[in-house]
Amino acid sequence: MDVYARYSPAIRDYIYRSGWDTLRAVQAAAGEAIFSTDAHVLLSASTASGKTEAAFFPIITLMQERPPTSVGCLYLAPLKALINDQFMRLNDVCAECDIPVWHWHGDVSPREKKRLMRRPSGILQITPESLEAMLLNRHAHIAALFGDLRFIVIDEIHAFLRGDRGGQAMCLIERISRIAGVNPRRVGLSATVGDPEAVGEFLA
């Protein structure tokens, strides 16, 4: 598959404006897996290798081709600082794709959260703790928020393998899936996977 040609025109324009000559290996491989299969996907590559774009370029393309009627992609990260960093990065990519990017944590204004609740759409970035609070405090809205959820991107997935946090994250994903009646694909991102098979089993 020519992954670049499969990307939406807006994504191809972004790549052109960014001055990229070719796709990186992880981006080509991720595009093949996300476009050509229905499987969960684990992307493991070095820091600054383009994993975020590798995951989101095909996801954004698919969301543009068939816009979701709710939040279409949930981005789960272990740290609020990582969410804030990736929020700016994703906004750059999504600015001309007509796909909103939302983030949800203690520093996000109530007004912004209300906007999402009124018009659930696009990509939502959140930590497991904030997601659990959402499930507890806004349980009646979960089906509307995630009724057309198609992807869950788990960043720094290796961080969830320590202690009970990984089990908590997967339980939250299962709860959302059951309440909303969805079966989203999971895409894990990590720069430090010592045992890819074990991480793949955890992801699935």
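1. To start with the terms: helices (H or I, at least four residues) and strands (E, at least two) are DSSP runs, numbered from the N terminus. Ser-8 sits in the loop between helix H1 (3-6) and helix H2 (9-17). Residues are numbered from 1 along each chain as its sequence is written. Please keep in mind that this is a predicted model, in which local features need pLDDT of at least 70, side-chain atom pairs count only at pLDDT 80 or more, and totals for chains, interfaces and linings use all residues, while side-chain values use heavy atoms, with hydrogens and water left out.

2. Let me stay with Ser-8 for a moment. Its relative accessibility is 6%, so Ser-8 counts as buried; buried means under 20% relative accessible area, exposed over 50%, and partly exposed in between (1.4 Å probe, protein chains only). Leaving aside neighbours within four places in sequence, Ser-8 is in contact with Thr-61 and Gln-64, where contact means heavy atoms within 4.5 Å. The C-alpha atoms of Ser-8 and Val-182 are separated by 25 Å, and these two residues are 174 residues apart along the chain.

3. Next, a helix pair. Helix H4 (residues 51-65) packs with helix H5 (residues 80-94) at an angle of about 40°, their axes being 11 Å apart. That angle makes H4 oblique to H5. Here axes are lines fitted to C-alpha atoms, for helices over the stretch in contact, and angles run from 0 to 180 degrees between N-to-C directions. Angles under 35 degrees count as roughly parallel, over 145 as roughly antiparallel, 65 to 115 as roughly perpendicular, and the rest as oblique. The H4 and H5 crossing is right-handed; a crossing is right-handed if the near helix is turned clockwise from the far one by less than a right angle, and left-handed if anticlockwise.

4. Which residues in H4 and H5 meet? From H4 there are Thr-52, Glu-53, Phe-56, Phe-57 and Ile-60, and from H5 there are Gln-86, Arg-89, Leu-90, Val-93 and Cys-94. By class, the residues of this contact of H4 with H5 divide into six nonpolar, two polar and two charged. In this scheme Ala, Val, Leu, Ile, Met, Phe, Trp, Tyr, Cys and Pro count as nonpolar, Asp, Glu, Lys and Arg as charged, and the others, Gly among them, as polar.

5. H7 contributes Pro-128, Glu-129, Leu-131, Glu-132 and Leu-135, and H9 contributes Arg-165, Gln-168, Ala-169, Leu-172, Arg-175, Ile-176 and Ile-179. The contact of H7 with H9 has seven nonpolar, one polar and four charged residues.

6. Ser-130 also belongs to helix H7 (residues 128-137). With 14% relative accessibility, Ser-130 counts as buried. Apart from neighbours within four places in sequence, Ser-130 is in contact with Trp-104 and His-105.

7. How many salt bridges does the structure hold? There are seven salt bridges, a salt bridge being a side-chain nitrogen of Lys or Arg within 4 Å of a carboxyl oxygen of Asp or Glu. One of them joins Arg-186 to Glu-174, with the closest N and O atoms 2.7 Å apart. This pair links distant parts of the chain, twelve residues apart: Arg-186 is in strand E6 (residues 185-190) and Glu-174 in helix H9 (residues 165-180). Arg-186 is buried at 9% relative accessible area, whereas Glu-174 is partly exposed at 35%.

8. Two further salt bridges are worth a look. Glu-112 and Arg-115 meet through their side chains (2.9 Å, N to O); both lie in helix H6 (residues 110-118), three residues apart, about one turn of the helix. Glu-112 is partly exposed, at 23% relative accessible area, and Arg-115 is also partly exposed, at 38%. The side chains of Arg-150 and Asp-148 form a salt bridge too (2.9 Å, N to O), and both Arg-150 and Asp-148 are buried.

9. Finally, some backbone angles to check. Most residues other than glycine have a negative phi. Asp-98, in the loop between H5 and strand E3 (101-104), has a positive phi near 60°; at 73% relative accessibility, Asp-98 counts as exposed. Glu-156 has a positive phi of about 50° although it is not a glycine. Glu-156 lies in the loop between strand E5 (151-154) and H9, and is partly exposed at 28% relative accessible area.
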